[in-house]
Amino acid sequence: HQTIYLADYTPYGFIIDSVALQFDLDPHITRVKSAIAFHPNPEATDPTFLLNGENLKLISAKIDGKPVTPKFTAEGLTCDVPDGPFLWEAEVEIDPTGNTALEGLYMSNGMYCTQCEAEGFRKITYYPDRPDVMAVFTVTINGPHPVLLSNGNPISTDTHSAQWHDPWPKPAYLFALVAGDLVAHPGSFTTKSGRDVALNLYVRPGDEGKCAFGMQALKDSMKWDEEVYGREYDLDLFNIVAVDDFNMGAMENKGLNVFNSSAVLASPATSTDMNFERIEAIIAHEYFHNWTGNRITCRDWFQLCLKEGLTVFRDSQFTSDMRSAPVKRIGDVIDLRARQFPEDQGPLAHPVRPASFQEINNFYTATVYEKGAEVIGMLKSLVGDQAYSDAVDLYFDRHDGQACTIEDWLKVFEDTTSRDLTQFKRWYSQAGTPCLSVTEDWDHGKLTLNFKQHTPPSAATPDPQPQVLPIAVGLIDQDGDEVEPTVVLEMTQAEQSFVFDNLGTRPIASVLRGFSAPVVLTQDLSDADRAHLLAHDTDPFNRWEQGRILARKSLIAMILEGKNPNKDWLQGIRAVIGDEHLDPAYRALMLGLPSQSELARALAEDGHTPDPDIIYAAVETTSDAMAKSYANLVPTLYMRHTVTEAYQPNAAQSGKRALANAALSLLTRTDGGTAAQKQYDAADNMTQQLNALANLIRVGKGSTALQVFEAQWRNDRLVMDKWFGLQVTEADPEDAHEVVETLTKHADFNWKNPNRFRSVLGAFAANHAGFHHASGAGYRLLADWLIKLDPVNPQTTARMCSAFQTWKRYDANRQDMIKTELDRILAQPKLSRDTKEMLTRIRG
Ligand code: HT7
Ligand code: ZN
């Protein structure tokens, strides 16, 4: 397979004046007619006329009305063309039913839908399928379906035919078409300049009751983007469609967002608080793409972080404003450490802007998205809020309607702040997580913080250079008062010291407040000092972080030396969770422990070989110790935060439920499941029901509740995904692989549906000790399923290969067994380019 390099970019040889498409829909033979007006691009050097195409049956091709015979290539086709403007017309046939990869035009439960990002449009017709070719589309859809949708505004709708026109030039990856027997949940929004926008959420009949929350989230997002970024919507219509078979969360097609039904449909009875929060964030994310992605798009796919990092950053700001900013920040850091750090520290490490790829679908990663968002956050904290806002305004003014690069993005910051961002740009070009260490000198009222940074070399970045690190620091004195409010130190060298003067007694340094840079910090603080920060830090992130570090140290001491849980940590956490002045959601986070895979990573970072069984046992023992130690507080916590008013998915109520459920899982360790069974029986919402069920399974009393649950929800696909997933997540590691095998034989295990596949196999890969079972049964089982899924859906298969990315952490025996499985998959004839690239990189 061919490797594509950022350095090889050249502009396309032609500019498109207009695109007209006609779809004659048929489940097996859909005919697509295209008429595309081209003229030569004066800025291009290569005049070759190249159209991408994949799995297309060409029926006819004409240039200026005359039939032509194109030459077919690996990528599509080429053809001799006139010197000036010309009209390309083609007819192709495609098979939506046979398209199980869910890329291009495909069918899901009888409805037609499309997914074109990144390179799916070439499966619909011959076209220059690259983001820097932007064009105005007119689309005609013929088919016997009540709902026929495409991008932009409708220009005519008859029975069995609709015409759409999108006035905004767009790249082909933003094209969308939906057709089927759908019902609309309508809404409306008036923009700040007075434009009335019709909103619709299209769903399958039966799902009407799950639309209200998504609609409100859309309106909230539209308002927020006007208020915070000054961005107004630009069409008379905004449609969202829910689709059951979908490879990712959602897609920001212009004026016609397509959503995985799990990322938009919600009701109190069927969705958890976490589901609601995720849905609100994804709706915001896709909506925000209208400006950061659609109006200003990417020049090429190497620039993916230009739209994704920025849009993730924007959706985090939105969630922080809608809910609790500290809780959101802590959640984001937990997620970054769980998904991005392993990627950045293993064989899949790549820069936020990669320099090469084989299959772009493999680069929709936590590094591009989440680290990409961290980079924007650092930029904002370096230049300040006002300069950030000025630079972003300039970006929108200067680049509206263009396909841009990271250089364009950084230039607006340089131009508004007169800063030189040359060194900062390394955040986009270097892979790897920087390790930052800090030591202190104290001398008569003068505190010196000595920082060192070092990024481990990787295949992607063999010789990393020092990064610009914004390090937010505050000082807390022995009485618990803040003597120095947050300052952002700007570290640019490999080693650098910063001095705080005129201090009375020696304070404790609260370093990397708010997790101001995505690094691994080592700070030489005593446990007592950490406990002091846990009790008194004014920075909510660092307060939580000190609790987390103490927990991790306690667990690692137990794993390596068989020690008992650290009493000071237990006591410190107790004081926080019992503090009724604090937000319940925040207190619930304080009761969380580092995940087993995070502990494995921490052990490997310190040069130890993690043993999944010992890690599992240590987490269990620690949880038992918490349950015992907090036994006289837990019932009160549980009772006091059990919500009795009618269910609402807002931050206040969901925070209380989070704390009550954290308390319930401790309570279950001492009462054997009595409270959980009571909660299960009384639950009138999915958050309560599912949490109760999880606790019952954990104490081996879940079988009746699981049957009751299945009988209650067997007709609800999204809830059944939870039923499948929970049994795997909560399975005892010893028999997790058997649980998975049984579930995969269940009549409702429709493995071709990505949500269902992920609910079982994805959950299995996340059951750390179960997946890493010493027998190797877990590795074999996952490999079997990846081999089965790859010919059907390469994208979902390739993403799930990342379960193996940490394999070099483990003992020789496990490594051997994993290597055998990697080689077995790699030896499959006709392995997809997606999966092959992932496994080749993972294997190293
Ligand atoms: N921009 C989208 C990324 C995407 C995608 C979505 C659904 C299916 C396949 C996809 N490939 C790439 C989603 C987003 O970041 O908003
Ligand atoms: Zn996105």
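## Terms and model

Two strands are said to pair if DSSP finds at least two bridges between them, and the helices (H or I, at least four residues) and strands (E, at least two) named here are DSSP runs, numbered from the N terminus. This is a predicted model, in which local features need a pLDDT of at least 70 and side-chain atom pairs count only at pLDDT 80 or more, while totals for chains, interfaces and linings use all residues. Residues are numbered from 1 along each chain as its sequence is written, and chains are lettered from A and ligands numbered from 1 in the order in which they are written.

The pLDDT, which is the predictor's confidence in each residue on a scale from 0 to 100, has a mean of 98 over the protein chain, and 100% of the residues reach 70 or more. For the complex, the predictor gives an ipTM of 0.97 and a pTM of 0.99.

The protein chain is divided into domain 1 (1-181), domain 2 (297-429), domain 3 (435-524) and domain 4 (616-843), with bounds that come from an automatic or database domain assignment.

## Where domain 2 touches domain 3

The C-alpha centres of domain 2 and domain 3 lie 23 Å apart. The contact between them takes 15 residues from domain 2 and 15 residues from domain 3, where two residues are in contact if their C-beta atoms, placed from the backbone, lie within 7 Å.

On the side of domain 2 that touches domain 3, helix 4 (325-344), helix 5 (366-383) and helix 8 (426-429) each supply at least two residues, and helix 5 gives the most, with 5 residues. By class, this side has 8 nonpolar, 3 polar and 4 charged residues, where Ala, Val, Leu, Ile, Met, Phe, Trp, Tyr, Cys and Pro count as nonpolar, Asp, Glu, Lys and Arg as charged, and the others, Gly among them, as polar.

Strands of a sheet pair through backbone hydrogen bonds, either parallel or antiparallel. One open sheet has 8 strands in the order 6-5-9-3-2-12-15-14, with mixed pairing, and its edge strands, strand 6 (66-67) and strand 14 (153-158), each pair on one side only.

Within this order, strand 5 (residues 57-63) and strand 9 (residues 86-94) pair in the antiparallel sense over 6 bridges, and I63 has W88 in strand 9 as its bridge partner. Strand 12 (residues 135-142) and strand 15 (residues 161-170) are likewise antiparallel, over 7 bridges, with A135 standing opposite K170 in strand 15. Strand 14 runs antiparallel to strand 15 and is joined to it by 5 bridges, and T157 stands opposite A162. Strand 14 and strand 15 form a hairpin with 2 residues between them, and H160 in the turn has a positive phi of about 70 degrees.

Strand 17 (residues 183-190) runs antiparallel to strand 18 (residues 196-203), with 8 bridges joining them, and H185 has L201 in strand 18 as its bridge partner. In their hairpin, which has 5 residues between the strands, G194 takes a positive phi near 95 degrees. Strand 18 is also joined by 5 bridges to strand 19 (residues 237-243), and these two strands run parallel, with N200 standing opposite N239 in strand 19.

Of the 13 residues around ligand 1, Q115, E117, N247, M248 and M251 come nearest; a residue is counted as near if its C-beta atom, placed from the backbone, lies within 6 Å of the molecule or strand in question. Strand 20 (250-251) and helix 2 (273-288) each supply at least two residues of this shell, which by class has 5 nonpolar, 4 polar and 4 charged residues. The peptide bond from E117 to A118 is cis, with omega near 0 degrees, and A118 has its place in the loop between strand 11 (111-115) and strand 12.
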